[in-house]
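Biologist: Please bring up the model. I would like to go through it with you, one question at a time.

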Amino acid sequence: MTGGKHHHHHHGHHVQEDSKPVDYAKEVKHHKHNEHLAELGAIAAGAFAVHEKHMIKKDPAHAHRHKVEERIATTVAVAAGGYALHEHHEKKEAKKQMKHHHGHHFF
């Protein structure tokens, strides 16, 4: 949502408030970028969760803290994975719309 343009995603319909045509190639690129960032976040959070699980055994004096941090990191990893899946579907939808509006494949 940059430059005052707001995109609303409603079951396959992309509408901009300023009624300019939607650049579906840009939409695909945007969702692909967000998908990759979410995947990276899921991997990082998962790695941190594994590290915290290891620290429970290595640092028993602070085991409760490590358990809490492991659970939080695991939750973040799952949420980031869910967001990556959401962006993957948005990317597929943008590709479908691009094909529909242009009549042929670009990717």
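Modeller: One term first. Buried means under 20% relative accessible area, exposed means over 50%, and partly exposed lies in between (1.4 Å probe, protein chains only). Two notes on reading come next. This is a predicted model, in which local features need pLDDT of at least 70, side-chain atom pairs count only at pLDDT 80 or more, and totals for chains, interfaces and linings use all residues. Residues are numbered from 1 along each chain as its sequence is written, and side-chain values use heavy atoms, with hydrogens and water left out.

Biologist: Is Thr 74 buried, partly exposed or exposed?

Modeller: Thr 74 sits in helix α2. Its relative accessibility is 36%. That value falls between the 20% and 50% limits, so Thr 74 counts as partly exposed.

Biologist: How far is Thr 74 from Phe 48 in space, C-alpha to C-alpha?

Modeller: Along the sequence, the two residues are 26 places apart. In space, the C-alpha distance between Thr 74 and Phe 48 is 8.3 Å.

Biologist: In what order do the elements run from the N terminus?

Modeller: Elements are DSSP runs, numbered from the N terminus: helices are H or I with at least four residues, strands are E with at least two. The protein has 2 helices and 2 strands. From the N terminus on, the order is β-β-α-α.

Biologist: Which element has the lowest mean pLDDT?

Modeller: pLDDT is the predictor's confidence in each residue, from 0 to 100. Over the protein the mean is 87, and 79% of residues reach 70 or more. Among the elements, α1 has the highest mean, 97. The lowest mean, 54, belongs to strand β1 (residues 7–10).

Biologist: Why should I be careful where pLDDT is low?

Modeller: Confidence there is poor, so a caution applies. Where pLDDT is low, the predicted coordinates are not to be read in detail.

Biologist: How much of the protein counts as buried?

Modeller: The protein has 107 residues. A residue joins the buried group when its relative accessible area is under 20%. The buried share is 28%.

Biologist: Which residues does Ala 94 contact, leaving aside neighbours within four places in sequence?

Modeller: Contact means heavy atoms within 4.5 Å. With those neighbours set aside, Ala 94 is in contact with Tyr 24, Glu 27, Val 28 and His 31.

Biologist: With which residue does Glu 35 form a salt bridge?

Modeller: A salt bridge is a side-chain nitrogen of Lys or Arg within 4 Å of a carboxyl oxygen of Asp or Glu. Glu 35 is in helix α1 and is buried at 7% relative accessible area. Its contacts beyond four places in sequence include Ala 84, Glu 87 and His 88. The salt bridge, with closest N and O atoms 3.0 Å apart, is with Lys 91.

Biologist: Is Lys 91 buried or exposed?

Modeller: Lys 91 is in helix α2, 56 residues from Glu 35. Its relative accessibility is 12%. The limit is under 20%, so Lys 91 counts as buried.

Biologist: How many residues apart in sequence are Glu 70 and Lys 53?

Modeller: Their side chains meet in a salt bridge (3.7 Å, N to O). Glu 70 lies in helix α2 and Lys 53 in helix α1, so the pair ties together parts whose separation in sequence is 17 residues.

Biologist: What separates Arg 65 and Glu 69 in helix α2?

Modeller: These side chains also meet in a salt bridge (3.2 Å, N to O). Arg 65 and Glu 69 are 4 residues apart, so the separation is about one helical turn.

Biologist: Which residues does Glu 52 contact, leaving aside neighbours within four places in sequence?

Modeller: Glu 52 is in helix α1. At 4% relative accessibility, Glu 52 counts as buried. Its contacts, with those neighbours left out, are His 66, Glu 69 and Glu 70.
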